[in-house]
Amino acid sequence: MFLRDRSDNPPVEKKVVSLRKHLRVIERTYVNNLDSDYTERIESLGKRFKYDENCQELWGEPEFSTLYGTPLFEQASPSQRLALNHLYWVGQYNHTANAEANTMLYNQVTTGVFEHIGGYETLCDELNFETSQERFHIATFQRIGYRTKLAVLGKDSLGNGSSKLRNSQKKIRKLLPKPLEKKLSTRWTSEESTSLQDGVARALTRVMYGRSPTYFSNYLSARMTQPVPTATGGLAGNTASPSVMKLITQVWGSSPFMACHYYVMRMVANMSLKAYEHQYFKRFKELERKGRDVALPTAVSHYHLLDEAFHTTMSQVIAQQVYHDMPEPTAAEKLIANLIVLQGLRGVVGGLSAWLPMTFRDDKYFMSPLYRLLQSPLFGFSQEDALYWMEKCLCQEHEGFHSNLRNHQALLATFQRFFVELDYLWPSNREVEPMTVGGSLERALHRNTQAFKDFLVSVE
Ligand SMILES: [Fe+2]
Ligand SMILES: [Fe+2]
């Protein structure tokens with residue numbers, strides 16, 4: 001079996017791939033994922049969820065609570081601490097839902113590249129199957145999140161939450177693979193017209209790959225009259241602006257090497273998710289062993305981790321192994337791949353949060369949510385008291401920082417074990433330098449103090 005263009009062009013690379021160990025891993029992953037698939041279970045748990053039936057239990061370990069280790073957490077009542085444990089789940093899975101919406105898009109963009117190459121049919125089948133699983137995951141996270149926020153924070157703090165939820169579910173439906181889309185009677189249409197940004201993104205990729213690149217994504221080819229699809233939230237949203245992401249979409253969809261590179265960034269999401277999901281998984285197992293009741297969100301996390309284990313294997317295999325089968329990257333591709341990793345690491349894990357465990361972004365991005373939380377019915381602080389507690393929690397040393405630094409060290413080691421295998425990366429990227437730089441208490445205090453000053457000006 002040769003790496004070849006399915007359109008009967010001559011083989012481009014005489015590499016025998018059939019005996020490769022990683023192809024067997026992909027076969028096994030696909031069969032096992034089809035076999036195990038927990039999407040129905042996850043969906044039914046989500047549909048049954050009522051906050052008042054689940055509000056008496058911790059959903060995760062106390063260390064995985066919003067504001068954990070801060071002076072405010074120390075003086076919070078038991079019921080407030082319980083609610084903070086629930087809100088942590090909601091916040092993390094809101095982020096996960098956004099990241100998985102990215103996955104739905106880019107799985108299809110890159111599958112459209114792999115479809116051109118013989119020998120990777122199972123890989124494409126698995127990626128399509130993963131895309132269909134993510135839709136159910138996302139809908140469940142959103143449903144539990146919405147009901148919990150409504151119960152804990154009240155209708156006012158949701159703003160136009162319900163219409164936001166409806167809109168985001170509409171967007172998710174637009175990302176469905178065609179066969180699934182028909183089944184659910186939704187339509188693939190876009191009312192937006194193409195813009196200058198789309199023209200620029202397409203022109204730049206023509207400069208890199210010529211007028212009709214051999215491997216150009218079938219998914220993107222079918223949408224040439226529409227805007228270049230892009231992601232605005234999740235990991236992609238933290239990596240680059242939507243217009244830069246359009247260019248990245250085009251590049252990931254133009255060559256087999258770049259399509260494999262997308263899975264480096266997907267693996268960043270997989271590793272970040274597992275860092276907080278695994279404790280829910282362990283909690284579920286422990287409670288099940290003792291024959292005790294399990295809160296529904298804990299069960300959702302448990303089954304989600306089981307589905308995601310297959311996705312993580314795929315990300316790792318494609319990012320670390322499959323790219324070796326592909327034509328060598330050009331100098332421009334190597335440069336772009338490194339820049340995406342650099343920006344992605346800076347945006348996703350380049351800081352240290354004082355009040356959100358296992359979150360490694362600067363708190364300047366989370367000032368408004370914290371301010372709203374402190375003035376919500378859960379705390380009911382006046383503006384003056386809310387600002388007092390923000391200063392204490394963000395700009396002064398406390399146990400929450402130290403606890404999150406320990407989380408940081410553990411995740412950094414995981415990242416380094418993954419990145420060291422990628423021979424085309426700059427040494428600073430292979431060593432995950434942007435994350436190392438972010439893991440500093442002094443730096444976080446300094447940056448939070450500055451961000452808090454700016455925030456004070458904005459609310460005065
Ligand atoms: Fe998922
Ligand atoms: Fe996934």
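**Figure 1. Surroundings of Gly 438 in the predicted model.** With 23 C-beta neighbours inside 10 Å, Gly 438 counts as buried, the threshold being 20 or more. The structure shown here and in the other views is a predicted model. Gly 438 belongs to helix α20, which covers residues 433-438. Neighbours within four places in sequence aside, the contacts of Gly 438 are Val 349, Gly 350, Gly 351, Leu 352 and Phe 360. Gly 351 lies 87 residues from Gly 438 along the chain, yet the C-alpha atoms of the two are separated by 4.1 Å.

Figure 2. Helix α13 spans residues 256-289 and contains Phe 257. Phe 257 has 22 C-beta neighbours inside 10 Å and is therefore classed as buried. Apart from residues up to four places away in sequence, Phe 257 touches Tyr 323, Met 326, Pro 327, Pro 329 and Glu 333.

Figure 3. Helix α9 comprises 14 residues, 196-209. From its first C-alpha to its last, α9 reaches 20 Å, close to the 20 Å expected at 1.5 Å a residue. The buried residues of α9 are Asp 198, Ala 201, Thr 205 and Tyr 209. Seen down the helix axis, the buried residues of α9 fall within an arc of 65°, so they line one face of the helix. An α-helix has 3.6 residues a turn, so residues three or four places apart point the same way. On the face of α9 turned away from the buried side are the exposed residues Leu 196, Gly 199, Ala 203 and Val 207. Helix α12, residues 242-252, is included in what covers the buried residues of α9.

**Figure 4. Packing of helices α5 and α6.** Two packed helices are described by the angle between their axes and the distance between the axes. Helix α5 runs over residues 78-114 and helix α6 over residues 121-153. The two pack at an angle of about 155°, and their axes are 8 Å apart. Angles over 145 degrees count as roughly antiparallel, and α5 and α6 are therefore roughly antiparallel to each other. The crossing of α5 past α6 is left-handed.

Key:
Residues are numbered from 1 along each chain as its sequence is written. Chains are lettered from A and ligands numbered from 1 in the order in which they are written. This is a predicted model: local features need pLDDT of at least 70, side-chain atom pairs count only at pLDDT 80 or more; totals for chains, interfaces and linings use all residues. Helices (H or I, at least four residues) and strands (E, at least two) are DSSP runs, numbered from the N terminus. The expected span of a helix is 1.5 Å times one less than its number of residues. A residue is buried if 20 or more other C-beta atoms lie within 10 Å of its own, exposed if 12 or fewer, and partly exposed in between; C-beta atoms are placed from the backbone. The arc is that of the directions from the helix axis to the C-beta atoms. Two residues are in contact if their C-beta atoms, placed from the backbone, lie within 7 Å. Axes are lines fitted to C-alpha atoms, for helices over the stretch in contact, and angles run from 0 to 180 degrees between N-to-C directions. Angles under 35 degrees count as roughly parallel, over 145 as roughly antiparallel, 65 to 115 as roughly perpendicular and the rest as oblique. A crossing is left-handed if the near helix is turned anticlockwise from the far one by less than a right angle, and right-handed if clockwise.
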